[in-house]
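This briefing walks through one structure, topic by topic. Look at the chain and its ligand before reading the points.

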Amino acid sequence: MSASGSGTAQNTSDTRQASLFVDVLRFVARHWLAFPASLCVTLAGTLVATVADVMMPVIAGRLVGDVAGPAGQAGPVRDAGWMLGAMAACGFGSVLAKRYAYLGITALTTRVMQKIGTEAFAHVQRLSTDWHASTFAGSTVRRLTRGMWAVDMLDDTLLLMLLPEACLLLLTTLVLGWHWPAMGVLLGVLSALFILLSCLLTLRYVAPSAQAANEGDSRMGAALADAVTCNAVVKAFGAEEREERLLEGIMTRWRTATALMWVRGTDSANIQGAAVMVMRLALAGGAVWLWWRGQAGAGDVAYVLTMTFLVQGYLREIGQQVSVVQRSVNEMEELLLLWRTPVAVSDPAHPVPFRITKGEIRFSHVTFRYPGQTRDIFSDLSVTIAPGSRVGLVGPSGSGKSTFTKLLQRLYAPQQGTVEVDGTDLATVAQSALRAQIALVPQDPMLFHRSLAENIAYGRPGATPEQIAHAAKQANAAGFIERLPDGYATLVGERGIKLSGGERQRVAIARAFLADAPILVLDEATASLDSESEAQVQEAMQRLMQGRTVLVVAHRLATVVGLDRILVFEHGRIVEDGTHQALLARTGGLYQRLYTLQSL
Ligand SMILES: Nc1ncnc2c1ncn2[C@@H]1O[C@H](COP(=O)(O)OP(=O)(O)OP(=O)(O)O)[C@@H](O)[C@H]1O
C-alpha cells in the first residue's frame with residue numbers, strides 16, 4: 001500500500017518536473033521570439049553553415065570522380081573547375097554563415113538575458129513585503145543571476161550545436177535511405193529511440209538530482225549572505241564558530257546533492273554510450289544479415305559501416321547536448337518559480353489618475369487578515385481622518401497600528417471595505433502613484449549604499465544640491481553631514497550602517513522633506529535614541545508635519561501628546577478616539593491606563 005502510494009507521489013513529482021522542464025523551454029522560446037531579427041540571423045547562419053559543411057564531401061567526391069579519368073579531357077577539366085569553385089564557395093560560405101550565426105546569437109542571448117534579468121527584477125520588486133521578509137536576499141540574487149547565465153548556455157547548445165547536429169543526422173538518414181531504404185528506416189527508428197532514451201534519462205533521472213543540487217546552491221548562497229549581513233551580531237556574540245558549523249552542515253548537504261547529480265550525469269552518459277554501441281552493432285548486423293541473404297554486396301556493407309561511424313559521432317554529441325540543455329533548464333527553473341510567485345497587490349488594469357490635494361483618509365467597513373492567517377486583524381473598521389490633521393496611533397503591541405498604515409500605503413489590500421484618500425478608492429489607482437504621495441519615516445530607516453546626497457534625493461529624483469542641502473537643514477541633518485570629510489558625497493555603507501540611528505533618521509526626515517508629500521507616516525521614529533538626538537529628531541519632525549495629514553505610530557505616549565487627535569487601537573478595533581486631554585479624562589480608559597503606566 002505504502003509502496004504504491006510512494007510510487008504515485010514519485011509519478012506526480014516526475015510529471016511536475018517534466019512540465020516545469022517544458023515550461024522553461026517555452027519561456028525561453030517566447031523570449032527568443034521577442035527578438036525575431038536576431039533569431040532569424042542565427043537560424044539562417046547555422047543552417048547555411050551546416051548545408052555548406054555537408055556539401056563539402058559530396059563536392060570532393062565529385063572532384064575525385066572528375067580527376068579519376070584520363071587527364072586533359074575538356075569535360076572533366078571544366079567540371080573539376082566548377083567543383084573547385086563550389087568548394088571555395090562552400091568553404092567561404094560556411095565561414096561567413098558561422099560568423100553571422102555567432103553575431104546573431106550574441107545579440108539574441110545578451111538581449112534575452114537583459115530582458116529576463118530586468119523583468120525578474122521588476123517582478124521581485126513588486127513581490128509582497130512578506131515574501132521579502134521571508135526570503136533571503138542572497139538566494140534571490142543567486143537565482144536571478146544563475147537563471148540569466150543559463151540562457152547563455154541554453155542558446156549556444158540549442159541553436160549552435162543541437163540544431164545542426166539534428167539536421168546532419170536527418171540528412172544522413174535520408175541519404176542512407178535513398179541509397180538503401182531498409183537500412184535508412186532502421187537508422188531512423190534507432191536514432192529516434194536513442195533520442196527518446198536521452199530525453200527520458202535526462203528528465204527522469206538526472207534532472208531531479210540537478211534540481212536538488214540547485215536548491216542546495218541557493219540555500220548555501222542565502223546562508224552565506226545572511227551570516228555576512230549579520231556579521232555585527234555574530235561578532236557581538238563571539239559566534240563565528242557557530243556560524244561556521246552551521247554553514248558546514250549546509251555545505252555538506254550541497255556537496256552530497258551535487259555529487260549525486262554528477263554521478264547520475266556520468267551514468268546517463270555511459271548508458272547513452274552503450275546505446276550508441278548497440279545501435280552500431282544492430283546496423284552492422286543488419287547489413288551483414290542482408291549480405292548473408294544475398295541482398296547486399298561488400299560495397300554496401302562498407303558503406304553502412306562508414307555511415308554508422310558518422311551517425312555514432314552525431315548521436316554522441318546529441319546525447320551530450322541534451323544533458324547540457326537539461327542542466328541549463330534546471331538552472332532556470334528556480335527563476336521561473338520566482339516568476340510564478342504572485343505579486344502581493346496587483347494594480348488595476350486601467351488605473352485612474354491620482355493626485356492628493358487635501359489629504360483626507362477614510363477607512364470604510366474595512367475587514368483585513370494577512371495572507372495565510374485565520375484571524376482577522378480588522379473587522380468592519382471605519383474611521384475618517386480630516387485633511388491636514390496630525391493623528392497619533394497608539395495601543396498595545398500587535399493591536400494593528402502598523403497594519404493600518406500598511407493598508408493606507410496599499411502594501412496589502414483589504415478583503416472587504418475600502419480605503420479612500422480624498423474620496424478616491426485606492427483599489428482604482430496605481431500603487432506607485434499613491435506611494436509617491438505618501439512620505440514615510442520608518443522606525444529604522446534603511447539607506448542605500450550610495451552617497452548621502454543620493455539618499456536624500458531619493459524622495460525627489462533630480463533635486464538640485466541646493467534643495468538637498470535645504471532639506472538636510474530642515475531635518476537637522478546638515479550639521480553632521482557637513483562635518484563628514486566627504487560631506488554630501490559620503491557613502492553610507494550597506495543599509496546606512498556607517499551612520500548612527502539618530503543620523504539615519506534625520507536623513508530619512510530630509511528625504512521626506514524633499515518628497516514634500518501631502519500625507520506623512522511617522523513610524524515610532526523616536527524610539528531608541530539618546531535625549532540629544534531625540535530632541536533634534538523631534539524638532540525636525542514637528543517642522544516636517546506642518547501642512548500635511550500626518551499619522552504617527554507611537555508606543556511612547558509623549559510623542560503624541562501635542563497631536564490633534566489620538567486613535568487608540570486594541571485587538572484591531574479603535575476603542576478610543578480624541579485629543580490627549582479628552583482621553584486622559586476618561587476614567588478607566590485604555591489610554592489613561594497606558595499613560596499612567598508610562599508616567600510611572
Ligand atoms: N506579515 C504578517 N503576516 C501575518 N501576521 C502579521 C504580519 N504582520 C503583522 N502581523 C500580525 O498582525 C497583528 C498586528 O500587527 P501590527 O504590526 O499591525 O501591530 P502593531 O500594533 O503595529 O504592533 P507593534 O506596536 O508591536 O509594532 C499582530 O498580531 C502581528 O503578529
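This is a predicted model. In the span of residues 271–292, the end C-alpha atoms are 31 Å apart, and the span is 100% helix and 0% strand. UniProt, in an unreviewed entry, lists residues 271–292 among the stretches named "transmembrane region".

**Transmembrane spans**
- The other stretches that UniProt lists under this name are residues 33–60, 80–97, 158–178 and 184–203.
- Residues 158–178 are likewise 100% helix and 0% strand, with 28 Å between the end C-alpha atoms.

**The chain as a whole**
- The chain contains 18 helices and ten strands.
- It has 600 residues, of which 33% count as buried.
- Among contacts with a separation of 6 or more, 78% are between residues 24 or more positions apart.

**Around the ligand**
- The ligand is surrounded by 13 residues, and the closest are Y370, S397, K401, S402 and T403.
- Helix α10, residues 401–408, gives the most to this shell, with three residues.
- Sorted by class, the shell holds nine polar, two nonpolar and two charged residues.

**Confidence**
- The average pLDDT of the chain is 85, and 94% of the residues score at least 70.
- For the complex, the predictor gives an ipTM of 0.97 and a pTM of 0.69.

Methods:
Residues numbered from 1 in each chain as written. Predicted model: local features only at pLDDT ≥ 70, side-chain atom pairs only at ≥ 80, totals over all residues. Near = placed C-beta within 6 Å. Helix = DSSP H or I, 4+ residues; strand = E, 2+ residues; numbered from the N terminus. Nonpolar A, V, L, I, M, F, W, Y, C, P; charged D, E, K, R; others polar. UniProt positions renumbered as here; feature names shortened; annotations may be inferred. Buried ≥ 20, exposed ≤ 12 C-beta atoms within 10 Å, placed from the backbone. Contact = placed C-beta atoms within 7 Å. pLDDT = per-residue confidence, 0-100.
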